[in-house]
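Morning, everyone. Please have the structure open on your screens. I'll take us through some helix packing and then a few backbone details.

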Number of protein chains: 2
Amino acid sequence: MLHALWSSAQTLNGRLHERIAMHDRELLVEAVKSVRAIGPLHKGLGLMTQAMTPEEIARQGWNLLSEDLSLPTAVLYQEKLLHNLNWMQKFIQTYGARLAPHGKTTMAPKLFAMQLKTGAWGITLATAHQTQVAYEHGVRRVLMANQLVGLQNMAKISSLLRDPDFDFFCLVDSAEHVAQLGSFFKSKGQRLQVLLELGMEDGRAGVRDALQLQSLLAELSRWKEQILLCGVEVYEGISQDESTIRDFLRSTVAVAKKVVGEGHVVRNPVILSGAGSAWYDVVAEIFSEADLGCPVEVVLRPGCYLTHDVGTYKSAQQRIKTNNPIARKMQSSLMPALQLWAYVHSIPERNKVIVGLGKRDAPFDSGLPTPALHVRRGSATPCATPAHWKLTRMMDQHAYLEIAEGDTIHVGDMIAFDISHPCLAFDKWRCLPVLDAQYRVVDVVETFF
Amino acid sequence: MLHALWSSAQTLNGRLHERIAMHDRELLVEAVKSVRAIGPLHKGLGLMTQAMTPEEIARQGWNLLSEDLSLPTAVLYQEKLLHNLNWMQKFIQTYGARLAPHGKTTMAPKLFAMQLKTGAWGITLATAHQTQVAYEHGVRRVLMANQLVGLQNMAKISSLLRDPDFDFFCLVDSAEHVAQLGSFFKSKGQRLQVLLELGMEDGRAGVRDALQLQSLLAELSRWKEQILLCGVEVYEGISQDESTIRDFLRSTVAVAKKVVGEGHVVRNPVILSGAGSAWYDVVAEIFSEADLGCPVEVVLRPGCYLTHDVGTYKSAQQRIKTNNPIARKMQSSLMPALQLWAYVHSIPERNKVIVGLGKRDAPFDSGLPTPALHVRRGSATPCATPAHWKLTRMMDQHAYLEIAEGDTIHVGDMIAFDISHPCLAFDKWRCLPVLDAQYRVVDVVETFF
């Protein structure tokens with residue numbers, strides 16, 4: 001739609017310029033504004049009678065505690081977001097590594113821009129579509145941590161590569177795939193930068209053994225003009241066992257050294273990339289010490305750190321806080337920066353509350369959302385929820401909250417929930433209000449899933 | 001965004017009309033086109049260099065089998081969709097009941113319009129936001145099968161009710177809630193039509209016992225000018241046991257008769273509403289025979305029938321085909337009309353294939369997607385997948401497909417997957433191409449989640 005608006009605004013403006021005096025810039029301003037405007041048909045915002053830019057929305061004076069937002073809503077807490085943004089950048093930099101945050105988590109170009117401004121090397125993405133979204137919003141370096149497969153996906157990337165300022169990498173893990181890429185990009189007269197993906201046994205994609213590697217490298221040598229091997233990549237987060245992960249990372253370094261030594265890698269420095277949101281400390285430690293016999297650029301790709309959570313990644317971060325010397329020295333950690341707010345709809349049984357929050361609004365694949373705050377109807381004061389409150393079930397649009405008989409709770413009360421798995425929280429929302437510490441809406445973040 | 005475009009187009013056109021001769025209608029056409037245009041930043045479509053209307057997209061000659069779409073994609077099969085549309089309308093009409101399809105499933109106004117055109121009484125929705133989306137796209141009768149809770153949600157509905165042609169119903173299940181609605185709509189000088197929700201023990205929302213009912217009716221009598229009780233509503237789909245459901249529906253009829261008999265219901269005919277997508281036959285049977293001592297409008301609300309599935313609702317439909325005399329007589333049944341298509345990315349182990357399809361693209365809460373068709377790279381001929389192929393795991397953007405050693409499958413092959421739980425398939429996609437029987441793209445359906 002952004003592009004729809006943009007192109008229609010451009011068309012209109014093109015025609016206007018034919019007919020109207022050049023000094024009439026007002027119309028152009030109007031057109032540019034329309035490109036950035038947020039329509040009134042999104043869930044989780046306040047009452048809008050017309051489209052508004054994020055800046056106009058910020059000037060509405062909406063406050064979540066005053067019930068200015070339509071619930072359910074997913075909100076980002078600005079201070080915590082900025083804290084996490086800086087924390088991870090600092091952590092990664094301390095290792096002399098580069099941060100390429102995984103953008104698939106948020107798919108929010110405004111957050112990509114914040115990450116790049118804070119020092120990120122580039123943005124990691126998972127698909128050609130996601131890459132296109134990032135590019136159209138100004139991102140000029142993308143590590144697509146995935147195979148680029150299929151005619152239209154290759155065509156999308158080919159189209160972006162016409163821009164000489166666009167620096168793009170994707171993964172290869174089979175000779176068959178290299179041949180497909182080689183043939184396609186040869187037909188376009190273009191070159192494609194790739195990283196060799198290594199995988200662990202029982203893992204996801206990635207080369208498993210010497211035979212696969214040999215045939216891939218042989219195929220690469222047939223497409224030297226089209227396919228440029230720039231480094232080695234892994235995703236260690238498939239495993240949850242630290243010693244398995246350490247072994248895998250060390251063997252990755254050994255394979256990288258061999259591949260580099262044999263002259264297959266054409267980039268200097270060589271890229272060595274890994275790290276999801278759970279083991280970035282271990283990858284930083286091992287990769288930053290890797291000796292490949294040449295300059296190395298270590299590129300790490302956590303994505304969930306920006307909002308963090310109170311589930312999977314909270315546990316991971318506790319391990320990091322305990323074990324990692326740099327995290328210990330930093331004396332602060334990541335903070336959960338995204339909450340879901342919903343209303344109490346009904347209290348049909350003494351210990352059961354029905355809340356207006358469902359699978360359409362919340363992640364549920366790594367544990368259900370956790371009650372965090374309770375605001376009684378009309379009170380505007382959030383209190384911590386009792387420890388015994390918990391969600392027991394979620395349907396498409398409802399959740400069951402278990403309480404104790406006699407707990408004070410009413411229809412119309414607001415409850416905030418912490419989450420587990422940020423990726424599956426963001427993709428439920430096209431717009432997320434950003435709140436300051438007083439719960440005032442100070443910005444809106446749009447997503448492009 | 002639709003509204004953003006619309007209002008920006010209106011603003012621009014307003015100014016143009018001040019400056020340019022009235023006969024220059026070309027610009028207006030351009031603006032209207034821009035409102036209906038689909039931008040090039042959506043996943044699952046073909047390569048677009050600019051925004052296009054659905055009609056323009058249909059004229060591109062895209063064919064899924066020719067790899068004209070960027071995969072993964074979620075497609076709707078037009079013939080099957082139309083078959084299901086007509087099948088359900090006919091089934092419900094045979095019982096003399098009204099169909100108010102649950103729109104939360106698709107949140108696709110184009111499909112709402114098809115449902116209404118085929119004879120639907122109205123559209124069922126779950127939230128104030130969904131109601132607003134439907135209204136803005138022309139829907140003028142909504143049964144919101146949920147409590148209307150919270151200041152901005154009430155304000156949204158209040159704003160739509162300024163249109164005297166908008167016929168709206170929502171649910172009440174507690175005195176506390178009735179008082180909140182009464183107070184709000186009194187302050188607006190408006191009336192709100194409600195249905196009394198009855199619930200089953202261990203169920204979701206809804207009045208459970210005589211005491212709750214009595215206090216609710218007493219509260220209703222205090223707000224007679226604002227809150228108009230129009231009927232009785234249930235959601236039976238909480239249970240999976242037919243005899244429990246039949247008992248619940250019969251007791252619902254008895255309570256409805258009592259409430260009507262005591263003069264609490266002001267609408268004639270009285271609305272009696274129930275039915276999710278699994279038990280609509282049983283609800284149709286029992287409610288259509290209900291004698292409330294007055295004219296009754298039975299309103300049934302299945303939503304998943306439009307695309308159907310091969311999981312939860314396939315099982316439900318098999319029961320209906322076997323047990324229901326009208327379904328048996330119709331000699332046809334619902335057909336799965338939505339599939340997900342994705343590429344083979346990697347075959348890293350002999351019996352493991354990595355497919356470019358993840359939790360971002362597919363429902364996974366009622367069983368993982370099921371492989372259905374296999375198109376070898378370059379062949380353009382879909383074959384049924386071997387029965388032993390199955391998904392064993394899904395991550396955010398990838399799926400693990402288990403095959404047998406020696407099966408013929410290659411990187412770049414396309415695989416179609418059937419799904420279980422349509423609601424959680426639609427909400428992963430902002431645009432779904434509609435295909436004819438030759439896999440040509442003949443339309444695009446947009447969603448508004």
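**Helices and backbone in a predicted model**

Let's start with Gln331(B), which is exposed, because its relative accessible area is 74% and the cut-off for exposed is over 50%. Keep in mind that this is a predicted model.

Where is Gln331(B) found? Look in the loop between α13 (325–330) and β10 (338–349) of chain B. Phi of Gln331(B) is near 55 degrees, a positive value in a residue that is not glycine.

Now take His308(B). Phi here is near 55 degrees, again positive in a residue other than glycine. His308(B) sits in the loop between β9 (296–300) and α12 (312–323) of chain B. Is His308(B) buried or exposed? Its relative accessibility is 5%, so His308(B) counts as buried, the cut-off being under 20%.

On to helix packing. Two packed helices are described by the angle between their axes and the distance between the axes. Go to chain B, and find helix α7 (residues 151–160) and helix α8 (residues 175–188). Their axes come within 11 Å and cross at roughly 50 degrees. That makes α7(B) oblique to α8(B). The crossing of α7(B) past α8(B) is right-handed.

Which residues meet there? From α7(B), we have Leu151(B), Met154(B), Ala155(B), Ile157(B) and Ser158(B). They meet Gln180(B), Leu181(B), Phe184(B), Phe185(B) and Lys188(B) in α8(B). By class, the residues of this contact of α7(B) with α8(B) split into 7 nonpolar, 2 polar and 1 charged.

Stay with α8(B) for a moment. How far apart should its ends be? At 1.5 Å a residue, the 14 residues of α8(B) should span 20 Å. The end C-alpha atoms of α8(B) are 20 Å apart, which agrees.

Which residues of α8(B) are buried? They are Ala175(B), His177(B), Val178(B), Gln180(B), Leu181(B), Gly182(B), Phe184(B) and Phe185(B). An α-helix has 3.6 residues a turn, so residues three or four places apart point the same way.

What do the buried residues of α8(B) pack against? Among the helices of chain B, the partners are α7 and α9 (210–222). Among the strands of chain B, they are β4 (141–147), β5 (167–172), β6 (192–198) and β7 (227–234). Just after α8(B) comes Gly189(B), with a positive phi of about 65 degrees.

Switch to chain A. Here, helix α8 (residues 175–188) and helix α9 (residues 210–222) pack at an angle of about 15 degrees. Their axes are 8 Å apart. The cut-off for roughly parallel is under 35 degrees, so α8(A) and α9(A) are roughly parallel to each other. α8(A) passes α9(A) in a right-handed crossing.

Ala175(A), Val178(A) and Ala179(A) are the α8(A) side of the contact. On the α9(A) side, they meet Ser215(A), Leu216(A), Glu219(A) and Leu220(A). This contact of α8(A) with α9(A) has 5 nonpolar, 1 polar and 1 charged residues.

Last stop: peptide bonds. In chain A, the bond from Leu71(A) to Pro72(A) is cis, with omega near 5 degrees. Pro72(A) lies in the loop between α3 (54–58) and β1 (73–77) of chain A. In chain B, the bond from Asn268(B) to Pro269(B) is cis, with omega near 5 degrees. Find Pro269(B) in the loop between α10 (242–261) and β8 (270–274) of chain B.

That's my tour. Thanks.

Notes:
Residues numbered from 1 in each chain as written. Chains lettered and ligands numbered in written order. Predicted model: local features only at pLDDT ≥ 70, side-chain atom pairs only at ≥ 80, totals over all residues. Heavy atoms only, no water. Axes fitted to C-alpha atoms, helices over the stretch in contact; angles between N-to-C directions. Helix = DSSP H or I, 4+ residues; strand = E, 2+ residues; numbered from the N terminus. Parallel < 35°, antiparallel > 145°, perpendicular 65-115°, else oblique. Left-handed = near helix turned anticlockwise from the far one by under 90°. Contact = heavy atoms within 4.5 Å. Nonpolar A, V, L, I, M, F, W, Y, C, P; charged D, E, K, R; others polar. Expected span 1.5 Å × (residues − 1). Buried < 20%, exposed > 50% of the residue type's maximum accessible area, 1.4 Å probe, protein only.
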